[in-house]
Structure formats: C-alpha cells, structure tokens
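Reader: I am new to reading protein models. Could you walk me through a pocket and then a helix?

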Amino acid sequence: MSFSGDDQRFMAQALQLAERGLYTTTPNPRVGCVIVKDGEVIGSGWHEKTGEPHAEVVALNDVAARGHTPAGATAYVTLEPCSHTGRTPPCADALVNAGVARVVAAMSDPNPQVAGQGLARLDAAGITTECGLLNEAAQELNIGFVSRMTLGRPWVRLKIAASLDGKTALQNGVSQWITSAASRQDVHQWRARSCAVLTGIGTVLADNPQLNVRGIATSRQPCKVIVDSQLQTPPDAAVFDSTWAQPQVLIVCASSNPERRQPLEAAGAEVLQLPNQHGQVDLPALFAELGRRGMNEILIEAGARLNGALISAVCVDELLLYQAPMLLGDSARGMWHESGNENRHALTELAAAPRLNIIEHRIISAVPRDTALHNFFIRARFL
C-alpha cells in the first residue's frame, strides 16, 4: 500500500492534534482526525478526555461549523475508528452516516472490542479504507494504551537522577539536588502524561515527596502509588496533599495491619494487599491490577532497592536517566540494587546484565552558557 505526500502531510497534522490530549485522555487513547476534501482541510479535531466526543465526531462537527459537507471527503485518523458503543456511539457509524469516501488510519485499534471491526464496518459501507500510515508514530503516542490492551499491563517508565558515575545520593542519603531545575521540570512532563506516579516507602520516609505535577498546565493529576509492604506511610505524608480533589493515593502492602491501615484510609488512601510468597509486594500482580484499573502509563520515582526489585522482576519497559556533571564516588548510593529482589543473586556474568536500547539522548540546560548546569538525558528501552 502506497501513500501520497499529501496523505503523509495530513496524517502528520492528525498526529499533532492527537498529541494535544497527551495529559488528558487517559484511560482512552490519544486520537486526532483531519477531514480533507479536494485537497483542503475542511474539519479537524482531537479527543480531549474520556466521556467526551471522539476525534472523528469532533472533526465532523468542525466540518459543519465551517459550513462544509463531509460527503466524498477523506478522513485521516490516528487510530482505527471504534465500532462499539461505550460512553459515546461508534465513530465508524458517524463516518458512514457522514458519507465520507475514504478513511486512512495510522494504526489498527488493539482494543479487543474493536481490533479491525471498525475498518470492516467502513468497508461494508463501501468506504475505501487504508491502514498503516505513520504507524510507528501513532504506536509511540499511545504506547501505554497498546501495552494495556495487548499485555494487560501499563507501559512502565523508571526515572533516575544520577551523577556521571551513576550515583543517586551521598552515603548519608542526601540527594537534593543532583540534577538541575530544568531537568526536574522536564520530569514533570513525564508525570503529567502518566496515569500514576509510583514510589516506595523508603523514598516517602526519606524525602516526603508530593508526587504531583507542578509548573505544567493540566486539568488532571496522576494517581500516587506507594509500595509499602508493612504500611509505614505516615498519615500526614505530603502525598496526601488535598490541593487537588481527584488524585487517589493507593498504598500497596504485603501484610495488612488494621492499626496502621485505618489512619491511612482516614487520610484518603486506598490500601491494597498484594503479597508474594516472600512476604513482599507482588510487583507483577501490582502492574496487572493497575492495568485492570485502566492505567496506561506509569512513572516510577523510587530508590535503589525498589528500582532493583522492579528491574529484576522485569516490570520496567523504559529508563529515563538524568545525569549531572558531577562525581560522587564509590561510597555514594547507586541507581539500583540487584539484590532488591530476594529471588535473585548478584550478577556474576556480563551476559546476564539487563540490556537497553537508547532511543533518545539530549542536553538539558536552562542556562546555556553555564556548562556546569548542563544535564544529560538518556531515554532507553529494556530489550
């Protein structure tokens, strides 16, 4: 199947529109739509958040608002139009009823409720359908949604701030601030697009983080998830900040102590007991549960022990590494402890080391002339 230069251009516009929902659409995918007739864009739209019209319907409404008719037009949509009735009617039916002549989708919908049925419905109505244009970009935009639909769990990113020699804190635990303010602000973009920010009890006790999005315009805050085997989270911890009404605090434990559980629930937390056979939190089961709750992307901001347990349990898909131009030495704390998972032993062969594929690297600096403030950002995926 070949696509023209115009096809490429209009689908690129649809992807740009879809990206506007980066912080808001969860648990739905980010979708954009551009409707073209006689080489001219006559309508466009994007899905903003769950319960509101999908991108195709928004675009069709825009066509009407501009005084055009969609009959005979081509619709470029970043995801296969849905064919089932959820909170909104099927978009495939809306396109059929509008009389469009051609639908080009960037990717098929991995949702089993759709999975080709949307395109099939359009085909049955005599509409020309094509799929796969800028597929890779569309998949990347909805990588968490694809993971949840195909694997039953969210896409998990592990964020680490470290020195050039891979240290995250001094021996005494001091870590504020290894990286620059510009790097820390960059992290908030990853928080804003995530459905949840996850940390461990060690980080809560040591740093008392808020785990919220700051400095970025967003109408939604991520859920806060704390891995806390023995329910040691203080009821007055900063994660219970009530500035935002909707953020949920989910504390995941291995053993439920009623005396500790009740104050946490009174503070607004949900306590979930998910023990494994070693008396710790069952991490794979936790991410499966987050998937069942409709979470697409998870950002982990934890300490070396939990980082090691997550990596050893093969629960991490992607690493976000922020490195500052400083050296902290052998006595400082590292990025991850392989012994964090009691089922595993220390590495004895390089062949057994986790391998990654670097997909992005850049320099972050708010003050270009001050090279001491330059931080390096590396994004890599586990193989």
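This is a predicted model: local features need pLDDT of at least 70, side-chain atom pairs count only at pLDDT 80 or more; totals for chains, interfaces and linings use all residues.

Reader: Which residues are the closest to the centre of the second largest pocket?

Author: Look at Asn28, Pro29, His54, His84 and Asn111. They belong to a lining of 25 residues.

Reader: Which helix gives the largest share of that lining?

Author: Helix α6 does, with three residues. Both α2 (55-65) and α6 (143-151) supply at least two residues each.

Reader: How many residues of the lining are nonpolar, polar and charged?

Author: The lining has 10 nonpolar residues, 10 polar ones and five charged ones.

Reader: Now the helix. How many residues has α1, and how far does it reach?

Author: Helix α1 spans residues 5-18, which makes 14 residues. From first C-alpha to last, α1 reaches 20 Å. That is close to the 20 Å expected at 1.5 Å a residue.

Reader: Which residues of α1 are buried?

Author: Buried means under 20% relative accessible area. In α1 these are Asp7, Phe10, Met11, Ala14, Leu15, Leu17 and Ala18. They lie on the same side of α1, because they cover an arc of only 155° around the axis.

Reader: What covers the buried residues of α1?

Author: The cover includes the strands β1 (32-37), β2 (40-46), β3 (74-77) and β4 (102-105). Helix α5 (135-141) is also part of it.

Reader: Which exposed residues sit on the face of α1 turned away from its buried side?

Author: That face carries Gly5 and Gln16. Find them on the model, then turn to the buried side and look for Phe10 and Leu17.

Conventions. Residues are numbered from 1 along each chain as its sequence is written. Side-chain values use heavy atoms; hydrogens and water are left out. Helices (H or I, at least four residues) and strands (E, at least two) are DSSP runs, numbered from the N terminus. The expected span of a helix is 1.5 Å times one less than its number of residues. Buried means under 20% relative accessible area, exposed over 50%, partly exposed in between (1.4 Å probe, protein chains only). The arc is that of the directions from the helix axis to the C-beta atoms. Contact means heavy atoms within 4.5 Å. On a 1 Å grid over the protein atoms alone, a cavity is a set of points where a 1.4 Å probe fits but cannot get out, and a pocket is an open set with protein on both sides within 12 Å along at least five of seven lines; lining residues have an atom within 4 Å of a point. Ala, Val, Leu, Ile, Met, Phe, Trp, Tyr, Cys and Pro count as nonpolar, Asp, Glu, Lys and Arg as charged, and the others, Gly among them, as polar.
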